[in-house]
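Work through the two exercises below with the structure in view. Try each task before reading its solution.

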Amino acid sequence: MSALVLTGAGIHVEDVAAVARDGRKVEVAPAVMERLDRARKVLDRAAASGQPIYGVNTGLGANLGTSVSGDASAFQRQLLDGRSGAVGDVLPQDIVRATMLARVAMFSAGGSGISSEVFVALTDALNAGVHPVMPSLGSIGDSDLVLMATLGRMLIGDGEADFQGRRMPAAKGLAMARLAPVSLAPKDGLSLISASAVSAGSGALAVVDALSAFAQQQQAGALTMEGIGANQTILDPRLQSARPAAGQQQAAKGLRDLLARDKAQTPTTLQDPLSIRCMPSIHGALLQAIDQARQAVEIELNAAADNPLVLGDDDMVLSTGNFHTPSLSLAFETLGLAIAQCAAACAARFIQLTGSGRNGLPKYLSPAGGASAGFVPLQKTVSAILAAIRHKANPVMLDFLAVSEGVEDHATQAPLAVSKCADMIELWQRLIAFELIAAAQAVDLRDGLTLAPATAAIHAAVRALVLPLREDRPQGIDAEALYAALAGGSWQA
């Protein structure tokens, strides 16, 4: 795999996933180092002139009016120590790596004034696989500084690091990777923490996962249409162009491609329930929400969002609110609602498939009949999962208090908006697994059905993991096996 070259622009969510999960290495274009050196000189000149610069010769937050002088490196370490208040479960390694990449990508855009030595040290740590042990609770979206403090402390050899799957003192982790702790110049500590890198990095991973789950949902929906004998004329492109709602034509085309065959299947009804008939509209709205989340994340990944911001070309240092991420939070709140809507339709199709018998299918999809429970007990599990999704769909971006003596009186809750959306994707994939199992069973029970090539492959992928139901058996194990394939990247259809 070729290295990802940082140029200060053009970083996409897929790049983040490749570095965070696949170990792709990172290189830095020479122009980036020139840009950083130019900004550093501007910052040093401004500080030498006596200009008040936030976090360089002033305190932070409510201490804005407090002048700072003396040992600049000690003050930057103090900034890190004083903001190391994160608690809770440790973030997974892929999110921490995504955070590290997000921060070096943002630095590459210029504007931070960070010293080149610290920038290189962060890049080297990422490539060497030395990661801070980063608790998950502490950011309210006014940059992720309380979480990011663990990253800054690791680079100077304080706190804890994870290296080669082992948790150890940061200084030891750096030494084992043949890296040295860095010394902090003016603003370096603030630059390391004053960014929404956790939100952007984890958001990139969530978008990638949402795209994967969307493709799986399309497959499950197509197999359901096969199994239930749905009227496929709903996918006619003329119907989609009559009302070209967001993403609808693209979603319908995807379903048509999955169902394409030489001879169309004869429908069993004139009209199917809305969870089937309206799939293009529901899935199209989700596509639009995923695209909006992608745009919001990629703006952050390629932006100079520091405060204060160093304008290298204009020889100026200005205070800014660029670290604030309301658009990012709103995009993930919207994505969460779109996922919940799609998941509700997925659950409804499961109920349709497994109910008292529809479109010639046996009751509860059970070939045994009689007192066989078949698939109907799983309706409770599906309902419970959907309830968990709906709970997480409630917005959080308005839940904040004024802090720091009222100086920070607005927040975006971006990391929480992203993390609950990521949780919803996992729950949604569990519902997709249930729909795939039920749809495959319906296909097996429908006499004389010849599947389209693509849906035949989907059916075969399900059957490689889950056997047909002949008599009542524990099916939670089946659902877990299929979910593990969907979420773990081994699903192939």
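**Exercise 1: the cavity**

About 30 Å³ of space lies in the largest cavity. This is a predicted model, where local features need pLDDT of at least 70, side-chain atom pairs count only at pLDDT 80 or more, and totals for chains, interfaces and linings use all residues. Residues are numbered from 1 along each chain as its sequence is written, and side-chain values use heavy atoms, with hydrogens and water left out.

Task: state which residues line the largest cavity, and sort the lining by class.

Solution.
1. A cavity is a set of points on a 1 Å grid over the protein atoms alone where a 1.4 Å probe fits but cannot get out; lining residues have an atom within 4 Å of a point.
2. The lining consists of Phe375, Ile437, Gln441, Arg463, Val466, Leu467, Pro468, Leu469, Arg473, Gln475 and Asp478.
3. Sorted by class, 6 of these are nonpolar, 2 polar and 3 charged.

**Exercise 2: the sheet**

Task: give the strand order of the open sheet of 3 strands, and find the helices that lie across E4 and E6.

Solution.
1. Strands (E, at least two residues) and helices (H or I, at least four) are DSSP runs, numbered from the N terminus.
2. The order is E4-E6-E7, with antiparallel pairing; two strands pair if DSSP finds at least two bridges between them.
3. The edge strands are E4 (130–132) and E7 (166–169).
4. E4 is joined to E6 (residues 160–163) by 3 bridges, and Val130 has Phe163 as its bridge partner in E6.
5. Helix H4 (residues 93–108) lies across E4 and E6, and so does helix H6 (residues 145–155).

Conventions: Contact = heavy atoms within 4.5 Å. Axes fitted to C-alpha atoms, helices over the stretch in contact; angles between N-to-C directions. 1 Å grid on protein atoms, 1.4 Å probe; cavity = no way out; pocket = protein on both sides within 12 Å on 5 of 7 lines; lining within 4 Å. Points joined across faces, edges and corners; volume = space filled by probe spheres on them. Nonpolar A, V, L, I, M, F, W, Y, C, P; charged D, E, K, R; others polar.
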